[in-house]
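User: I'd like to learn how to read a model like this one, feature by feature. Could you walk me through it?

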Amino acid sequence: GGSQLAARLASTMRCSCSLLLLLGSALRASSFSVPCHAAASGRPAAATSRGTVSLADVGAASTAFYTDEVRKESYPSMADVLDAKVADPDLRRLMLTLFGTFATVSAALRAELVVKAEEQKSVFGDVQLGVDVLADQLLWDVCRSEPLIKTGSSEEAPDVREMHAGGRFCLCWDPLDGSAIVDNNWAVGTIIGIWPAATGVIGATGRDQVASMVANYGPRTTAFATLDDGVYEFTLGVGGADGWLCSRERVRISPQSRIFSPANLRTARHELPGYGELIDFWLDQRYTLRFCGGLVPDICQQFSKGQGVLTNPPGGDTAPAKLRLAFECAPFSLLVEAAGGKSS
């Protein structure tokens, strides 16, 4: 069953820098079925022994997961929502500043060519692009100019730098996640975790964060943030607005999922055969694959679709998982859990 496969997979994952998001009871969900008389295709439904028919027999639209959002008469501004939903005025001020930085990075991505940076300084050995460096510089500019920030740390240079001795918050960020796919013009993003100065970052846990924020730069620029009562989505420059509007309130992730996103899939046949069995289970149950290889869009779809499972198990030296705990896993896990999902 799904729970046995999940247990087998979990037994292979003993690396703190890997990420497995199992949302609700997705692994244990039985095959979704509908009564025979509800089949929407023009041909007769193929009945099973239980008198039901698989979603696969109902038509492609049944597994496409189109949005069910309908236009509202009006949308509140990001500033108004933060005023109402973030009680701490200092945190609210910092988040307003970071939303402004997201907008600047979004504009820069549309104005800059995707080329390698003249200097390659990543301590992880990742190839740095000019847009990576630009996004990183913008966030360091925020750290230098905002006295609320005690320390800053970037995935591009992962040392903790003191910025303002009296600051209240410590920032960790991935300035532009998705460097390997941005040249394809696919969606990429910025990931930020905000820790209190009382815990700092070193030795703290993801649950010590006071907030996390993720910007998703695609055909539209959206951002998800944890506020006092849950996760909210904001969209930049839509409906004639110059700034951010709140496009979804109290985002929730369903306990059940029909969508899966299997990262590090190359491990599924050799290093982690149990992972391969899990993939086979999802395929046998006719789950829908939605995966582009960018952490930001692959997890943000769980907020926009209200469901999803992302896995990224480590496969050892031959197929390592490239996720970093402070810069990627912790901020995203806070968002996922605040929306009702689970992370491990």
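Predicted model: local features only at pLDDT ≥ 70, side-chain atom pairs only at ≥ 80, totals over all residues.

User: Is Gly-166 buried or exposed?

Analyst: The cut-off for exposed is over 50% relative accessible area. Gly-166 has 67%, so it counts as exposed.

User: Now the whole chain. How many helices and strands are there?

Analyst: The chain has seven helices and 14 strands. Of its 344 residues, 50% count as buried. For contacts between residues at least 6 apart in sequence, 60% link residues at least 24 apart.

User: How do I read a nonpolar core, and which residues touch the most other members of the largest one?

Analyst: The general idea is that nonpolar side chains tend to be buried together in soluble globular proteins. Here the largest core has 41 residues, and those touching the most other members are Leu-98, Phe-99, Phe-102, Leu-171, Ile-194, Leu-227 and Phe-234. Helix H3 (residues 89-111) gives the most to this core, eight residues. Take Leu-98: leaving out neighbours within four places in sequence, its contacts are Leu-139, Val-142, Leu-171, Ile-192, Ile-194 and Met-213. A separate second core has 18 residues, among them Val-214, Ile-299, Cys-329 and Ala-339.

User: What takes a positive phi just after H7?

Analyst: That's Gly-340, with a phi of about 100°. Within helix H7 (residues 325-338), the buried residues include Phe-327, Cys-329, Phe-332 and Leu-335, along with Glu-328 and Ser-333.

User: And empty space? Where is the largest pocket, and what lines it?

Analyst: Rolling a probe the size of a water molecule over the atoms shows where empty space is left. The largest pocket holds about 1200 Å³. It's lined by 42 residues, and Asn-216, Gly-218, Pro-219, Arg-220 and Thr-222 are the closest to its centre. Elements giving two or more residues include H3, strand S8 (211-217) and strand S9 (221-227), while H6 provides the largest share, six residues. By class, the lining has 18 nonpolar, 11 polar and 13 charged residues.

User: What about cavities: which residues line the largest one?

Analyst: There is one cavity of 30 Å³ or more, and the largest cavity has a volume of about 40 Å³. Its lining consists of Val-105, Ala-108, Leu-109, Val-131, Leu-134, Ala-135, Leu-138 and Leu-176. H3 and helix H4 (130-145) are the elements that give two or more residues, with H4 giving the most, four. By class, that lining has eight nonpolar residues, no polar and no charged ones.

Note on methods:
Residues numbered from 1 in each chain as written. Heavy atoms only, no water. Core = buried A, V, L, I, M, F, W, Y, C linked by side-chain atoms within 4.5 Å. Buried < 20%, exposed > 50% of the residue type's maximum accessible area, 1.4 Å probe, protein only. Contact = heavy atoms within 4.5 Å. 1 Å grid on protein atoms, 1.4 Å probe; cavity = no way out; pocket = protein on both sides within 12 Å on 5 of 7 lines; lining within 4 Å. Points joined across faces, edges and corners; volume = space filled by probe spheres on them. Nonpolar A, V, L, I, M, F, W, Y, C, P; charged D, E, K, R; others polar.
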